[in-house]
Amino acid sequence: MKWPAIASLTYKETIRNRILINILLFAVALIGLSLVIGEWSLGEQAKVIKDFGLSAMSLFGLLIAIFIGIRLMVQELEQKTLYLVASKPVRRWEILFGKFAGLSMTLLLNVILMLLALWAVDWVIEKRIDFQLAAAVVLIYVEILLIVAFALFFSSLMSPTLAAVATLAVFIAGHLSPILRDYVQLRPGTGLKGLYMAIYYVIPNLENLNLKMAVVEHLERPPHAVEMGILYGVLYLSFVLIATCMIFEKKDLK
Amino acid sequence: MSHFAIQTSRLRKVYKGELGQKDYTGLEGLDLDIPAGEVFAFLGPNGAGKTTTIKLLTRLLKPSSGSVTINGVSNTSHHSMERVGYLSEQPNIYGYLTAREFLDFIGKLFGLDPGVRKKRIDGLIELVGLKDRDRTLIRGFSRGMTQRLGMAQALMNEPDILILDEPLSNLDPVGRKDMRDIILGLKAEKKTLFFSSHILHDAEIVADRVGILDHGRLVQTGTLQELTGSGLKTIEIVCSIPQAGESVLGLNRDRIVRQGDRTLTWTDDMESAQVILEKILRSGGKVFSVTPQRKSLEDLFISRIRG
């Protein structure tokens, strides 16, 4: 198995990446800023801080996933650094999976640092640690990994700019897709029902990975929401990664 | 196991044209048999298909048709690369790593144990002359240093077969000599070497056999002796002719160059050279040197490419 070596190299690469460090610092600073924003709310300071903090994590996770995910392969292909790796006794899928695994490790570290920052801010207000935040953060992490998988998929097919737009479109559509399902349920007689449901099933339902509201508002969560979310996300990203590996397997490294 | 280190059969590569552009044939029906231990130089002008061939050998490109076998194993399997070292043209290496870190990574890709990796890295760093820079980031390396490191990574698995794309380009004269010495050392170790070059002089020094590629087609292969040894280009004679002057030679004035008391003349074959030498001696002249000028690889290359 050669992918761990590639994963370790990718981790080293991304951790030394200035863009990533800047995004992370900005995210942590923004979570810190939520203290000020929380001041403006009336009696809902803790809620606002948690909501703001989790949203910031999700947004910056998305930015990192798109920017670093797309750069990861595109840069290797453009700078031709991949030649010396792909010509070794290594399977193509191991290269791709190693890249994904390495970036996943970096993202895990980022998410942990952002969660620690959020807990620190929460501590200042509530003088206690809300461990429920971790449940939402776990699913934010799974969502970011899914976006990374899409970023790799699109960057193996199209130019970096188009790949970034397509990945962002999946993120937005993924959060809006339940509307399609609800629409069909509210209007069962609609003519394009089959098409709407097909789109609903093809696009990932990222709301399955969204526990922010439930955690912040202390709402009752569906049973096994975290476990089911992880399973859904991992299955979905596995399909996307397998499709990307199949494309990469046939790709000419010109 | 095949006694051929590298074999290609009707190897063809067609690049799909971008939107609105025609397809382009990069390589057409290449048949090559490179025996183990041979040094084979692949020559051709820019765009002839040298790099395409090398990328097909090293699995970077997928052939449109035909096949490649390395040590008797089809290169559709990644295992075929286990005994191969490859250096790309103008290699780009991860700038955020040090030379040691990069070689260690390459060692891991070959599945080498940490102890073996450490030992080989020490030896290779010494061999390519990067001892003083082995712990600095590669992004600060010059082109020549990167090329040396590229050569080191190609040797990390102690390969039987080395595939080198323009290994002697981008180097200063000292670097070129060092790299040539490394290649000659590998030749002495009976490694199989397949290298492309546009510097014909290097091929003449290093290669056992040469292939000339043009417009994606192999136009000629053979040993240097076979390709260049058959024909004499000219025979140069340096002499002095004291009394009767050059007229005794009975030669065209275009073929006579005088410098001081010495005269340089040349002829196309050994028989006429013999006649001229006799005339010089009979007229009381002296012969200082007789030098046969052999057809060089460059002459052959130019005549093949220009048709």
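Predicted model: local features only at pLDDT ≥ 70, side-chain atom pairs only at ≥ 80, totals over all residues.
Of the area that chain A buries against chain B, 24% is supplied by A:Leu84, A:Lys88 and A:Pro89, more than by any other three residues. The contact involves 27 residues from chain A and 29 residues from chain B.

Between the two chains, 14 residue pairs are in polar contact, both residues being at pLDDT 80 or more. On the side of chain A that touches chain B, the elements that give two or more residues are helices H1 (3–15), H3 (45–79), H4 (83–86) and H10 (225–250) of chain A. H1(A) provides the largest share, 5 residues. By residue class, this side of chain A comprises 10 nonpolar, 3 polar and 14 charged residues. The count of salt bridges between chain A and chain B is 2. A salt bridge joins the side chains of A:Arg16 and B:Glu101, with an N to O distance of 3.4 Å.

Over all chains, the whole structure contains 25 salt bridges. Within chain B, B:Asp104 pairs with B:Lys108, the closest N and O atoms lying 3.9 Å apart. Both residues belong to helix H2 (residues 99–109) of chain B and are 4 residues apart, about one turn of the helix. B:Asp104 is partly exposed at 22% relative accessibility, and B:Lys108 is partly exposed at 31%.

A salt bridge also links B:Arg120 to B:Glu158, with 3.4 Å between the closest N and O atoms. B:Arg120 is in helix H3 (residues 114–127) of chain B, whereas B:Glu158 is in the loop between helix H4 (143–154) and strand E7 (161–165), so the pair ties together parts that are 38 residues apart in sequence. B:Arg120 counts as buried because its relative accessibility is 19%, under the 20% limit. B:Glu158, at 43%, is partly exposed.

In the salt bridge between B:Lys131 and B:Glu126, the closest N and O atoms are 3.5 Å apart. B:Lys131 is exposed, with a relative accessible area of 53%, while B:Glu126 is partly exposed at 49%. In chain A, A:Lys50, A:Glu126, A:Arg128 and A:Asp130 are joined into one network by salt bridges that share partners.

Chain B is divided into domain 1 (4–228) and domain 2 (232–296), and the centres of these domains, taken over C-alpha atoms, are separated by 46 Å. B:Ser289 lies in strand E14 (residues 286–294) of chain B and is partly exposed at 27% relative accessibility. Leaving aside residues up to four places away in sequence, B:Ser289 touches B:Glu236, B:Ile237 and B:Val238.

Key: Residues numbered from 1 in each chain as written. Chains lettered and ligands numbered in written order. Heavy atoms only, no water. Contact = heavy atoms within 4.5 Å. Buried area = accessible area lost by both parts, 1.4 Å probe. Salt bridge = Lys/Arg side-chain N within 4 Å of Asp/Glu carboxyl O. Polar contact = N/O pair within 3.5 Å; in protein donor to acceptor, adjacent residues only side chain to side chain. Nonpolar A, V, L, I, M, F, W, Y, C, P; charged D, E, K, R; others polar. Domains from an automatic or database assignment. Buried < 20%, exposed > 50% of the residue type's maximum accessible area, 1.4 Å probe, protein only.
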